Amino acid sequence: MVLLEVAEIRTKPVSGAAVLLLREADGRRHLALWIADPEKTAIADAINETEPVRPLTHDLL
């Protein structure tokens, strides 16, 4: 198993699609994942330690 950490979240200028960029914790490789807007918002809020107004679906599971 490879430990990954969030490197950054980017938005493609032309399409507006969000890309989650992960990197190896102790390596040089990166992994790009295209994500939807709700996931982008949830990940960005978690990184910024922002509390949502109400629980999100995955918080209730």
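Q: Which pattern does the protein chain follow, read along the sequence?
A: Helices (H or I, at least four residues) and strands (E, at least two) are DSSP runs, numbered from the N terminus. The protein chain has two helices and three strands. Read along the sequence, their pattern is β-β-β-α-α.

Q: Why is the protein chain described as more spread out than a compact globule?
A: The globule rule is 2.2 Å times the number of residues to the power 0.38, and the radius of gyration is taken over C-alpha atoms. For 61 residues the rule gives 10 Å, and the chain is well over that, so it is more spread out than a compact globule, with a radius of gyration of 13 Å.

Q: On what kind of model do these values rest, and which pLDDT do side-chain atom pairs need?
A: This is a predicted model in which local features need pLDDT of at least 70, totals for chains, interfaces and linings use all residues, and side-chain atom pairs count only at pLDDT 80 or more. Residues are numbered from 1 along each chain as its sequence is written, and side-chain values use heavy atoms, with hydrogens and water left out.

Q: What share of the residues of the protein chain count as buried?
A: Buried means under 20% relative accessible area, exposed over 50%, and partly exposed in between (1.4 Å probe, protein chains only). The C-alpha atoms fill a box of roughly 35 × 35 × 20 Å, taken along the principal axes. Of the 61 residues, the share that count as buried is 13%.

Q: Is E24 buried or exposed?
A: E24 lies in strand β2, which spans residues 18-24. Its relative accessibility is 12%, so E24 counts as buried.

Q: Which side chain is joined to that of E24 by a polar contact of 2.7 Å?
A: Contact means heavy atoms within 4.5 Å. Leaving aside neighbours within four places in sequence, E24 is in contact with V2, L3, L4 and R29. A polar contact is a pair of N or O atoms within 3.5 Å; within protein, one must be able to donate a hydrogen and the other to accept it, and residues adjacent in sequence count only if both atoms are side-chain atoms. The polar contact of 2.7 Å joins the side chain of E24 to that of R29.

Q: With which side chain does the side chain of R10 make a polar contact?
A: R10 is found in strand β1 (residues 4-11) and counts as partly exposed at 46% relative accessibility. Beyond its neighbours within four places in sequence, R10 is in contact with A17, A18, V19 and L21. The polar contact of its side chain, at 3.1 Å, is with the side chain of E8.

Q: How far apart are the C-alpha atoms of K12 and W34?
A: K12 has its place in the loop between β1 and β2 and is partly exposed, with a relative accessible area of 39%. Leaving aside neighbours within four places in sequence, K12 is in contact with A17, V19 and W34. K12 and W34 are 22 residues apart along the chain, and their C-alpha atoms are separated by 10.0 Å.

Q: What is the C-alpha to C-alpha distance between G16 and D37?
A: G16 lies in the loop between β1 and β2. G16 is partly exposed, with a relative accessible area of 36%. G16 and D37 are 21 residues apart in sequence, and the distance in space is 9.6 Å.

Q: What is phi of E49 near?
A: E49 is in the loop between α1 (37-47) and α2 (57-60). E49 is exposed, with a relative accessible area of 70%. Its phi is positive in a residue other than glycine, near 55°.
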